Amino acid sequence: MIDYLSSLNEPQRLAVMHGDGPLMIIAGAGSGKTRVLTYRIAYLIENGVDPFRILSLTFTNKAAGEMRHRIERVIGTEARNIWMGTFHSVFAKILRIEAKAIGYTSNFSIYDTDDSKSLIRSIVREMGLDDKVYRANNVFSRISGAKNRLIGPDDYLNNPIIQADDAAARMPEVGRIYKQYSLRCFQANAMDFDDLLFNTNVLFRDHLDILHKYQHKFQHVLVDEFQDTNVSQYLITRKLAAVHQNICIVGDDAQSIYAFRGANIENILNFQRDYGKENVKVIKLEQNYRSTKTIVQAANSIISRNRSQLEKHVFTDNEEGPLIDIIKASSDNEEGRLIATSLFEIKMQEGLKNTDFAILYRTNAQSRAFEEALRKLSIKYRIIGGTSFYQRKEIKDLLAYLRFTVNQSDEEAFKRIINLPKRGIGDTTVAKIAVLAAEKQVPIWEIVSNVTKHVAGRAGIAIEGFADLIKSFKLMLEKKDAYDVASHIAKASGILKELYEDKTVEGLARYENVQELLNAIKEFVDNPENDDKSLSSFLQSVSLLTTADEDDKDGDNDKVTLMTIHAAKGLEFRNVFIVGMEEDLFPSQMMLESRADLEEERRLFYVAITRAEKRLTMSYAETRYHYGRLKVCEPSRFLMEVDQRYLKMARMRMSDSTTQEREVPSGGSMSFVRSLAQKTAKSQSPQPAVAHIPSADFAPSDTSGLAPGMRVEHMKFGFGTVKLVDQNGTDRKAIIQFETAGEKTLLLSFAKLRIV
Ligand code: ATP
Ligand code: MG
């Protein structure tokens, strides 16, 4: 057995051995929060707590899996009995058990985002609304936002503030769409991702007997990455912990990066209020074990710029480590090449593996250049969260067959497969069936299984044939395991045959993918950790995979990891490259509407830096294709914000591939990075976007006295005259007429302006 207690420092040990009562661990990145949570669970079990009575909530299922294995090494296979997983997977499990109470059956489907949007599109069409105004994306995000704040369709329709907001967005009918959407999901015996939390709240609110059962059952509730929980998640944990009050939360306010999805950093502050300040034991962990001094201090220098944060002092006893390298590239493609080459050099010099490296970016779309460059150097990589295996068409098709076999009310699965392979059934017929079911308020299967009453002619007969096929699949469910049923369906539905007959390269790949899915199902069935081997259980496990959960399908694990910073939360790599360090990309232009948004982007940058153990490299490109247009880019303000002591000499690799090494000029990181920017500007001229070279004495002014008529100079846009200053709201804005760049509206809290 592992002597884990001796591998902890004093505050960590205190947290692990804390007895009953609420415990809050607020600590910096890499300070052992996850480690403490893991060993606390082991400790509880060693001290007599039944693993079935421990509930542990993690950010990804993979993180839960790793945690479980670590605990297993301490306490043995008993660890398998802990209730552990993401909020979504744990509460999907509870909802299956308790489905009846809220009018569902336990084989309910889980709609993914595509299903949800497809249903919204159908409803918009049926209601005769303009689908250019009511875009599925926008409608869906409004509905999702409401659910995460626990606002149901009726509350939504009765809320004048929401109604006014929808009207202002020129979408006054969202409420009615929401209502119809909820009804249709219910009739389809389906829940979307947000419903898994929303309905859990409904379940616990309306069925106190059920709430009491789980309140008493879970003697200990533990939550990792608490800073990213939303209101809905917070309420669930609060209710569950209300009886025993044994709740342990672990988080870092500096790493809160999901506010845009409704996560509420205030939850950390509410925690003490809700459990009583005197009852909550608070432990701070300040020693970082992950990273070098350089990396820890650079990260500190960034995060200290945020106004809203809890006081923490993060330090490390680790070695100093190399300085942070900055790579400048002339284009996004060159950025790909330079990073791949640098990675290759470090790997060779230090004799490392591919898994020692990660390339982190702000948006998934950036991966392409790195993929190409890595491929050229024959370096294996895996992309987390791109177009994932389970998003592929052929995979979704077979899954839809499996879903419909398990749940014949599933409208979206039905729409996907009714004419696949082709059965000569037109879209109008399909829409008609869906509308008929909705009008009669019956599941779609009611119509399908009596179809000749409703649909005449050949289409009716074809649908009848389809219904018989599904009935025959259904018969297998009771006796056969997931693999037997699925491989039968793949054949009997005609999916495999159709793909087999397509002899193109893509066709072959699709055929192999379907085989791969069947392999995955076989693995699921053979895994002793899964006691429920039914098709329904497999489908549940698949629909709850987060993008970070997918494993490689080729069995080769030595790969460089490419992913967004959001997906990298909680992970660590020996060498990290943060790429695309440019204004408008990171910080993201889309996200910058207020100081709060900027601070969230900065926290994201902090998360990125703190993933690195030994070595950190950052890069930016001078030009980049964006929506098909070549765009001139400016280095990110974040590069200027890192204390320059931690930055290495700029390795100015010019586009003509001569390599020069330059010393960092004295005068602070601002001047260092600005000199890079000027170089960029000079080599790019004439390019209007960055053609302005700031004056030698450029220093941003205090803009509190800014008024119309004043002359100003902007870092990037050059000289201009203030037309209007808007004092309303929390963020002051100014409209400025620039001489070359035209009229711009700028947020004064972070526009780099000099009054001249
Ligand atoms: P993040 O904020 O990124 O989620 P964290 O606070 O959860 O980080 P961990 O991932 O638990 O930190 O720990 C970071 C690294 O430090 C891990 O590799 C862990 O094994 C190691 N570590 C933590 N505590 C100790 C310790 N007392 N002694 C040695 N190594 C430790
Ligand atoms: Mg962690």
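Start with the shell around ligand 1: 4 of its residues are nonpolar, 10 polar and 5 charged. Here Ala, Val, Leu, Ile, Met, Phe, Trp, Tyr, Cys and Pro count as nonpolar, Asp, Glu, Lys and Arg as charged, and the others, Gly among them, as polar. This is a predicted model: local features need pLDDT of at least 70, side-chain atom pairs count only at pLDDT 80 or more, and totals for chains, interfaces and linings use all residues. Residues are numbered from 1 along each chain as its sequence is written, while chains are lettered from A and ligands numbered from 1 in the order in which they are written.

**Stop 1: the ligand.** Select ligand 1. It is surrounded by 19 residues, the closest being G32, K33, T34, R35 and Y289. A residue is near the ligand if its C-beta atom, placed from the backbone, lies within 6 Å of it. Helix α2 gives the largest share of the shell, 3 residues. Helices (H or I, at least four residues) and strands (E, at least two) are DSSP runs, numbered from the N terminus.

**Stop 2: the annotated site.** Select A27, G28, A29, G30, S31, G32, K33 and T34, which an unreviewed UniProt entry lists as "binding site". UniProt positions are given in the numbering used here, feature names are shortened, and annotations may be inferred rather than shown by experiment.

Take A27 in strand β1 (residues 23-27). A27 is buried, with 25 other C-beta atoms within 10 Å. The cut-offs: buried means 20 or more other C-beta atoms within 10 Å of the residue's own, exposed 12 or fewer, partly exposed in between, with C-beta atoms placed from the backbone. Beyond four places in sequence, A27 contacts K33, D252, K284, L285 and E286. Contact means C-beta atoms, placed from the backbone, within 7 Å.

Move to G30, in the loop between β1 and α2 (33-46). G30 is buried too, because it has 26 C-beta neighbours inside 10 Å. Apart from residues up to four places away in sequence, G30 touches N288, Y289, R290, S291, E572 and T610.

Stop 3: Colour residues 6-292, which UniProt (unreviewed entry) labels "domain: UvrD-like helicase ATP-binding". This stretch is 52% helix and 12% strand, and its end C-alpha atoms are 23 Å apart.

**Stop 4: α14.** Select residues 293-303. How many of the 11 residues of helix α14 are buried? The count is 8, so α14 is largely enclosed by the rest of the structure. They are T294, I295, V296, A298, A299, N300, I302 and I303. Their cover includes α26 (595-609), β14 (612-621) and α27 (637-641).

**Stop 5: a helix pair.** Show α17 (residues 393-406) and α22 (residues 482-492); their axes come within 10 Å and cross at roughly 115°. Axes are lines fitted to C-alpha atoms, for helices over the stretch in contact, and angles run from 0 to 180 degrees between N-to-C directions. L398, Y401, L402 and T405 of α17 meet A486, I489 and A490 of α22. By class, the contact has 6 nonpolar residues, 1 polar and no charged.

**Stop 6: backbone details.** Zoom to L420 and P421, joined by a cis peptide bond with omega about -10°. A cis bond also runs from F586 to P587, omega near 5°. Then find S378, a residue other than glycine with a positive phi near 55°. S378 is exposed, with 7 other C-beta atoms within 10 Å.

Definitions and conventions:
Two residues are in contact if their C-beta atoms, placed from the backbone, lie within 7 Å.
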